[in-house]
Amino acid sequence: MENIFVTRPSMPSYEEYCAEIRGLWESKWLSNCGEKHQAFQEALCHVLGTDQVELTVNGHMALELSLAALNLRGEVITTPFTFASTIHAIVRNGLTPVFCDVEPSTLTLDAKKLERLLTERTCAILPVHLYGNLCDMDKIGAIAQRNGLKVVYDGAHAFYEEWKGKSVAAFGDITCFSFHATKPFNSAEGGAVSIRDPEIREQFVMLRDFGIRDAESVKLVGANGKMNELSAAMGLCNLRHIEDETKKREHIDQRYRENLQNIPGVSLRPLQAEVRQNYAYFPVLIDAELFGATRDQVFETMKAHHIFCRKYFYPLASEYGCYRDRFGAPEETPVALSASRSVLTLPMYADLPLETVDYISELFRKAGGK
């Protein structure tokens, strides 16, 4: 049987991509903010409803350089239930992550538990939009404003989403996006940021290009975070199809919900009110006692049938070997710890046939004896 992976990238036709990059063979301009980079940046500004978008080589560099551009010192409150990139970006900037627990339903940072973690060293909040679930941006924003804190959103899972008709890019000081191949929208590899303050944006642009201000002036200690022209061209192509691709993902999400609803011991991702979804992932939470099998047992059963799900996210960031005993114990965020031991993301990509969704769902049910 053919392997079914948890994600598979959406791609334009071979002919469309070749047509998009043909001019590069004439110009020989492959990097340093060329024609495709500028066109992709402009297209993203239109989609996100802002003129403050900058492109990056990947989503991690978007996060790391955003924190650097803000020139922060001290502690950053974030969630341990996230990908390694989120915490690495904090630590690599010489900042200290402080872990806040997550909400039981959305598994995003629990804004109700934020203020008890504030100290005189707190300088920012880095919440993570998760699976397509959005953080409580109103409450987080209000807390940040009262306490003079910066807010940088990790929007790797939230590109193309809106809340109450407003793009996620409009919230916080900065929102970072990932266009990695595993994401609902991709540029093969890449990322972007939406930055509200023009001065911070100027800092970010310099940091993205080695800290270079002009041909004879290097003002900052920067990095090479620029997106290349081939990736920008892939982004331009995929952006033309994002509405159709999102609709396909919605149909797959609906089919999973029809197949897996009301199973004892299985919780599905809530679809938040007034959110335009991107249907990024399809996570399920498994209560082993009620379902009849542990998350790990289900994972192995699916794997034996060539279905490669993902324990996303496991382990918690506070359990990583590089962070263990440095930034608090995993037990200090019990909701996140429980989720990390019970969550399983099922295959979700635009070209996944509905009959395959049915097969995956049936196998999942049988894994728990349902």
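Which residues form a nonpolar patch on the surface? They are Trp 25, Leu 30 and Leu 230, with about 310 Å² of accessible area together. Patches here are made of residues with over 30% relative accessible area and no salt bridge, where nonpolar side chains (Val, Leu, Ile, Met, Phe, Trp, Tyr) are joined within 5 Å and like charges within 9 Å. The areas come from the Shrake-Rupley method with a 1.4 Å probe, and for residues only the protein chains shown count as cover.

Before we go on, a word on the model. It is a predicted one, so local features need pLDDT of at least 70 and side-chain atom pairs count only at pLDDT 80 or more, while totals for chains, interfaces and linings use all residues. Residues are numbered from 1 along each chain as its sequence is written, and side-chain values use heavy atoms, with hydrogens and water left out.

Back to Leu 30: you'll find it in the loop between α2 (24-27) and α3 (35-48). Helices (H or I, at least four residues) and strands (E, at least two) are DSSP runs, numbered from the N terminus. Leu 30 is partly exposed, at 44% relative accessible area; buried means under 20%, exposed over 50%, and partly exposed in between (1.4 Å probe, protein chains only).

Now, salt bridges. We call it one when a side-chain nitrogen of Lys or Arg is within 4 Å of a carboxyl oxygen of Asp or Glu. By that rule there are 21 salt bridges.

Arg 208 pairs with Glu 54, the closest N and O atoms being 3.0 Å apart. Arg 208 sits in helix α7 and Glu 54 in strand β2 (residues 53-56), so this pair links parts of the chain 154 residues apart. Both Arg 208 and Glu 54 are buried.

Next, Arg 255 bridges to Asp 358, with closest N and O atoms 2.9 Å apart. Arg 255 is in helix α9 (residues 242-260) and Asp 358 in helix α13 (residues 354-367), so the pair ties together parts 103 residues apart in sequence. Arg 255 is partly exposed at 26% relative accessible area, and Asp 358 is partly exposed at 27%.

Finally, a network: Glu 16, Glu 20, Lys 36 and Arg 240 are joined by salt bridges that share partners.
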